[in-house]
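Hi,

Here is the structure I promised to pass on. Have a look at it first, and then read on for some notes on its aromatic rings.

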Amino acid sequence: MRISKISLKGSGALNEDALLAKKNIFAVFDGATGLDSYKTKAGKTGGWQAAQIACQEFAKNNAPLFTLAVRANRALRRAMREAKLPFRQKERAWMTAFAAVRVGPQTIEYARICDSLIIAIKKKG
């Protein structure tokens, strides 16, 4: 199996993507910043935070992908609460789209949300 990765910065000042390639789990997280201009003390945006938090949860690789997505969502909500942000105001929320794949000996598990795509190319031989 050959894995290729690429991440390109969007129109913002910061690349809000996070990539995960660890053992048998592969994922991309595409962070999106809300309409407010929240930044951490280190200058990181809400979209960057969202992608990193989700990536950390998926990196645990210890549950079905759906469960990891639920845990990531809960961790993201906790982080927004700790930052005293109104997470119920969707236009101000930290967000991330993602696509994740886990390869097993006989199976492939996948999950995705929003516009993140998964492409698999099978090669005979």
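Let me start with a charge: Lys-44 sits over the face of Trp-48, 4.9 Å from the ring centre. For a charge to sit over a ring, NZ of Lys or CZ of Arg must be within 6 Å of the ring centre and within 35 degrees of the ring normal.

Before the rest, please note that this is a predicted model, where local features need pLDDT of at least 70 and side-chain atom pairs count only at pLDDT 80 or more, while totals for chains, interfaces and linings use all residues. Residues are numbered from 1 along each chain as its sequence is written, and side-chain values use heavy atoms, leaving out hydrogens and water.

Searching the whole structure gives four aromatic pairs. Rings of Phe, Tyr and Trp (its six-membered ring) pair if their centres lie within 6.5 Å; planes under 30 degrees apart count as stacked, over 60 as edge-to-face and the rest as tilted.

One of the pairs is Tyr-38 with Trp-94, tilted, at 5.2 Å centre to centre and 40° between the planes. Tyr-38 is partly exposed at 21% relative accessibility, whereas Trp-94 is buried at 4% (buried means under 20% relative accessible area, exposed over 50%, partly exposed in between, with a 1.4 Å probe and protein chains only).

Phe-58 and Phe-98 also make a tilted pair, because their centres are 5.0 Å apart and their planes are at 50°. Both of these residues, Phe-58 and Phe-98, are buried. Together with Phe-29, Phe-58 and Phe-98 form one aromatic cluster.

Best wishes
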